[in-house]
Amino acid sequence: MAKNIMIQGTMSNAGKSLLAAGLCRVLRQDGYRVAPFKSQNMALNSFITEAGGEMGRAQVVQAEAAGVKPDVRMNPILLKPTTDMGSQVIVNGVVQGNMDAMSYYRRKRDFFPAVQEAYRSLAEEYDVIVIEGAGSPAEINLKREDIVNMGLAKLVDAPVLLVGDIDRGGVFAQLYGTIALLETEERARIKGVIVNKFRGDRAILEPGLEELRRLCGVPVAGVMPYLHVDIDDEDSLSERLARNGAQKLVDLAVIRLPRISNFTDFAPFERYENVSVRYVDRPQELKQPDMILLPGTKSTIADLYWLRESGLEAAVQRAAASGIPVLGVCGGYQMLGRTLSDPEGVEAAAGKTVAGLGLLEMDTVFCAGKVQTQVRGTFGRVDGPLSVLSGMAYEGYEIHMGRGGKLPALAGRGNVYGTYIHGVFDANGVADAVLEALCRKKGADPAQLGAFDAAAYKERQYDLLAQSVRENLDMGLVYRAMDKRA
């Protein structure tokens with residue numbers, strides 16, 4: 001059976017996902033067959049595997065770092081929030097339905113066999129499992145039914161590294177307070193603490209680190225710097241959603257929907273020095289971009305109401321009428337159509353038919369069955385400003401509840417386009433072609449964008465992450481912990 005190591009955090013967004021990805025890369029470089037694992041993940045950014053299962057993107061990133069194909073066993077339970085009180089529950093890649101928080105809490109143990117079997121089967125195939133916790137192990141109101149932090153660590157006999165986020169302040173209290181709230185057996189599982197997202201001179205930290213060692217009774221396994229690697233973020237806590245900076249040679253405006261999902265679809269555009277990708281949630285922020293992008297959303301109708309009430313619907317319609325290209329992905333695509341109907345209450349809008357933006361000839365009907373598939377092919381004829389995409393190869397994945405009839409990979413009318421394909425801009429040459437077309441439309445030289453090799457760039461980012469982990473984390477301690485010698 002595989003060795004293991006578990007990364008837990010003092011809170012959500014402490015940097016567990018990225019650190020786990022870094023460990024996956026280091027262990028792969030050291031010759032191990034590595035698989036990531038997170039028993040329960042709550043995120044709106046998801047991915048469809050080759051087998052058609054749905055899983056969180058954080059484990060996809062970790063799998064890529066480990067050099068293995070994403071597998072739903074790496075994230076057996078995925079919760080996709082639909083409201084402030086409920087989520088769509090996905091087990092082993094398959095939708096089980098929508099549940100409010102209390103209903104899921106009562107049923108959580110029913111899903112635990114799926115978690116056990118997923119871990120067991122991975123442990124038979126790989127040398128090391130890098131496990132990521134969720135939230136904090138000190139959420140004492142939830143410990144009785146815990147299947148993702150110390151409950152899981154005990155089940156699979158995993159040593160734990162506890163991560164605190166110094167960038168948000170109070171890191172010593174975070175780490176000490178978390179350990180103080182653990183039971184004696186749980187404390188014994190913690191083999192080291194990690195101060196994450198540090199900016200500055202480590203020497204200034206040393207007095208505090210020494211006191212932390214004394215108070216907690218465990219070593220400081222590392223002080224990780226605030227990393228500037230370009231790797232997909234897990235959810236809408238991502239810093240990129242706060243970007244609303246200066247407009248560059250090519251300016252793309254992404255509508256920041258309240259329940260935005262899979263915003264990583266637009267990451268390929270962010271890697272060009274002379275392209276600005278701005279996330280906007282007010283009409284006055286829209287300005288005069290070269291293209292407007294409507295992203296996916298877990299609650300299309302609710303976010304369409306928000307778009308309407310915020311004034312952004314009218315702003316997008318005016319921009320489209322003025323000739324600015326508008327492109328929607330998945331839920332954003334559905335919003336661009338004539339109507340959206342929810343006869344079965346899939347989106348908690350039972351019986352309602354809502355008017356869309358009316359920019360595309362499409363009517364969407366939400367159905368209980370979910371489309372989950374990887375896709376590839378070539379674009380058919382594309383008219384208007386993005387006609388350069390005609391005949392180009394694409395690949396990606398579809399994940400949606402709505403149906404709109406048989407639709408092309410990229411539908412269009414004039415300067416308005418829509419696609420159900422997530423990751424469509426990742427395919428070789430697609431982002432280049434879009435940006436070059438926008439340059440020519442405004443009379444700019446596409447050569448100013450520069451060349452970009454997306455695959456090589458991504459691998460370089462994983463290697464940079466691994467280098468930082470090696471330089472700032474005590475890998476000797478990690479190996480001793482995995483060998484049960486720490």
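**Exercise 1.** In this predicted model, determine which residue of strand 10 is the bridge partner of Met-6, and describe how the two strands concerned are joined.

*Solution.* Step 1: the bridge partner of Met-6 in strand 10 is Val-160. Step 2: strand 1 covers residues 3-9 and strand 10 covers residues 160-165. Step 3: these two strands run parallel and are joined by 4 bridges.

**Exercise 2.** State in what order the strands form the open sheet, and explain why one side of strand 2 and of strand 12 is left without a neighbour in the sheet.

*Solution.* Step 1: the open sheet is formed by 6 strands in the order 2-9-1-10-11-12, with parallel pairing. Step 2: strand 2 (34-37) and strand 12 (220-225) each have a single partner strand, so at these edges one side of each strand has no neighbour in the sheet. Step 3: on average, neighbouring strands are turned by 20° against each other, direction ignored.

**Exercise 3.** Identify the strands that helix 2 touches, and decide whether Gln-59 is buried or exposed.

*Solution.* Step 1: helix 2 (residues 57-66) packs on the sheet and touches strand 2 and strand 9. The direction of helix 2 makes about 170° with that of strand 2. Step 2: Gln-59 is placed in helix 2. Step 3: the relative accessible area of Gln-59 is 0%; buried means under 20%, so Gln-59 is buried. Step 4: the residues that Gln-59 touches include Pro-36, Met-74 and Glu-132. With Glu-132, the side chain of Gln-59 makes a polar contact, side chain to side chain, at 3.2 Å.

Note on methods. Residues numbered from 1 in each chain as written. Predicted model: local features only at pLDDT ≥ 70, side-chain atom pairs only at ≥ 80, totals over all residues. Heavy atoms only, no water. Pairing = 2+ DSSP bridges. Axes fitted to C-alpha atoms, helices over the stretch in contact; angles between N-to-C directions. Contact = heavy atoms within 4.5 Å. Buried < 20%, exposed > 50% of the residue type's maximum accessible area, 1.4 Å probe, protein only. Polar contact = N/O pair within 3.5 Å; in protein donor to acceptor, adjacent residues only side chain to side chain. Lists of a residue's contacts leave out its neighbours within four places in sequence.
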